[in-house]
Amino acid sequence: MFGGSAGWLIELCYRRMAHGRWINPGFLTGPCLPLYGSGVIVLYAVSSLPLAGIASRTARQGVIIAILAVALTLVEYLTGLVFTRVFHVKLWDYSRRPGNIDGIICPLFSAIWALVAAGYVLFLHPHLTAAVHWLAVN
């Protein structure tokens, strides 16, 4: 829920700056974008992988960030495919961006997902796992 609401707020502000007016960024009524909520679940799940075969903590984090960059791009692509092919709605369009695939994903936004993944792994995940652990024991 937090990820979906935070994503909605980010998209809302971005669209306000880009278009000069308020535009609801989602297909739902209300402040939630399930795509971002799903992304947070992927971030948490992949970041929690032990990867015990990699001795260096830095190397483990690098591998996790790389996996997450691919996984988040895949989530974006699959979501875009479902909406364009099943619901006949195009929620975003990267067709003018170089290297795009079906106008759904592009290298620029894959790089942005990699930066988001790095920020999550390096700064947010340790705190989130501590909070989840605290909730589990209390």
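**Notebook: pockets, a cavity and a surface patch**

I began with the lining of the second largest pocket, which divides into five nonpolar, three polar and two charged residues. For these classes I count Ala, Val, Leu, Ile, Met, Phe, Trp, Tyr, Cys and Pro as nonpolar, Asp, Glu, Lys and Arg as charged, and the others, Gly among them, as polar. A pocket here is an open set of points on a 1 Å grid over the protein atoms alone, with protein on both sides within 12 Å along at least five of seven lines, and lining residues have an atom within 4 Å of a point.

A note on the source: this is a predicted model, where local features need pLDDT of at least 70, side-chain atom pairs count only at pLDDT 80 or more, and totals for chains, interfaces and linings use all residues. Residues are numbered from 1 along each chain as its sequence is written, and side-chain values use heavy atoms, with hydrogens and water left out.

**Second largest pocket, continued**

I noted a volume of about 190 Å³, taken as the space filled by probe spheres set on the points, which are joined across faces, edges and corners. Among the lining residues I found Arg-57, Arg-60, His-125 and Pro-126. Helix 3 gives the most, with four residues; helices are DSSP runs (H or I, at least four residues) numbered from the N terminus.

**Largest pocket**

Next I looked up the largest pocket, which holds about 1100 Å³ of space. Its lining has 38 residues, and Gly-7, Ile-10, Glu-11, Tyr-36 and Trp-113 lie nearest the centre. Two or more lining residues come from each of helix 1 (2–19), helix 2 (34–47), helix 3 (57–86) and helix 4 (107–137). Helix 1 has the largest share, 10 residues. By class I have 26 nonpolar, seven polar and five charged.

**Cavity**

How many cavities of 30 Å³ or more are there? I get one, a cavity being a set of points where a 1.4 Å probe fits but cannot get out. About 50 Å³ of space lies in the largest cavity, and its lining includes Gly-80, Phe-83, Lys-90 and Trp-92.

**Surface patch**

Last, I found Val-82, Val-86, Phe-87 and Val-89 in a nonpolar surface patch with about 340 Å² of accessible area together. Patch residues have over 30% relative accessible area and no salt bridge, with nonpolar side chains (Val, Leu, Ile, Met, Phe, Trp, Tyr) joined within 5 Å. A salt bridge is a side-chain nitrogen of Lys or Arg within 4 Å of a carboxyl oxygen of Asp or Glu. Areas use the Shrake-Rupley method with a 1.4 Å probe. Phe-87 sits in the loop between helix 3 and helix 4.

How values were computed:
Patches are made of residues with over 30% relative accessible area and no salt bridge: like charges are joined within 9 Å, nonpolar side chains (Val, Leu, Ile, Met, Phe, Trp, Tyr) within 5 Å.
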